[in-house]
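Okay, thanks for coming, everyone. Let me put the model up.

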Amino acid sequence: MVVHSALPDPLGAAVDGVLRAADVEHRAHGPGAPLRAAEVAAADERAVALIGPFRSRDVADAVEATAPAGLALFAPAATWAGVTRDDEPGCDDDPARHRGTLLRMVARDTEVAARIAADLRAAGRRALVVAGAHDYGVQLDSQLRMVGLPRAGAPDDADVIVLGGLAGEPEVERAAALAPLAVIAFDGVQGADLGAGRDVRLALPVAPADDVRPGEVLFFVEPARRAAELVAGALRDGARDRAAVLAAVRAAGPFDDHGDPVAPPVWLWRADEEWRLTPDRPI
């Protein structure tokens, strides 16, 4: 049995360590040609899983090769809802056709939005949403509406800003102008100038661990390692073909019917003025 991976080298090394310890053959393709890696893995009769690619769009492309072959694909870092879903905001842009073979290892953006909404609701706080006019910002704004984020109609009525955007885009300047309101941001604004002394937190789908390195590729080392552990466990317990491996890891994950993880971690990470991140608390 062989497990393929299409990941940045640090994550590929973490996967390799787990698989070697379990005496499972690993073929690492690196990050350079994710679709080609998926095609090679799908054509490899001994392959039982592909871990990666890293980016959401590459995952959606890779399943075009792996899903028809019934090969389990683990997405350790992809957060776009359309990787697993076709029924949520943002999924109308060519969602992945994974045929039930794709298993996401982290919370999707919609789940992160739901955790933010629940946390603010429980605290009796209202948020002013500042979102970009680009696809990412529109998607996040719609997801926040869908999950019932308690909203303020004006800055004077808000306890916090929820920022859905990208560094360098106009929404960052709008959020900066609303200081000193605290900020809870989705991934993508790192490096932006939100004002000195600002209370800024990022809502991210990874929990702290000894070798998790915020701001680096290794931020996703735990989800990548967990994917390798699931495959190794399925093989250890007797799975000997693609269908058996897929069934075993689905149950062990556990994953829902869409391939999303059940109760995945989402943490608030505090950002200082240099965008160094430290863990705050789970939500």
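Start with H7 and helix H8 (residues 242-252): their axes come within 9 Å and cross at roughly 120 degrees. That makes H7 oblique to H8; angles under 35 degrees count as roughly parallel, over 145 as roughly antiparallel, 65 to 115 as roughly perpendicular and the rest as oblique. The axes are lines fitted to C-alpha atoms, for helices over the stretch in contact, with angles running from 0 to 180 degrees between N-to-C directions. Helices (H or I, at least four residues) and strands (E, at least two) are DSSP runs, numbered from the N terminus.

Quick housekeeping: this is a predicted model, where local features need pLDDT of at least 70 and side-chain atom pairs count only at pLDDT 80 or more, while totals for chains, interfaces and linings use all residues. Residues are numbered from 1 along each chain as its sequence is written, and side-chain values use heavy atoms, with hydrogens and water left out.

So who meets whom? On the H7 side we have Arg226, Leu230, Val231, Ala234 and Leu235, and on the H8 side Val245, Ala248, Val249 and Ala252, with contact meaning heavy atoms within 4.5 Å.

Now the other pair. Helix H4 (residues 109-123) and helix H5 (residues 135-146) have axes that come within 9 Å and cross at roughly 50 degrees. That makes H4 oblique to H5. Here Asp109, Thr110 and Ala113 of H4 meet a set in H5 including Tyr136, Gln139 and Leu140.

On to the backbone. Most residues other than glycine have a negative phi, and most peptide bonds are trans. Two cis bonds to look at: Ala179 to Pro180, with omega about 15 degrees, and Gly253 to Pro254, with omega about -15 degrees. Pro180 sits in the loop between helix H6 (170-176) and strand S8 (182-185), and Pro254 is in the loop between H8 and strand S10 (267-271).

Then positive phi. Arg99 is near 55 degrees, and Trp275 is at about 60 degrees. Buried or exposed? Arg99 counts as exposed, at 64% relative accessibility, whereas Trp275 counts as buried, at 15%. Buried is under 20% relative accessible area, exposed over 50%, partly exposed in between (1.4 Å probe, protein chains only).
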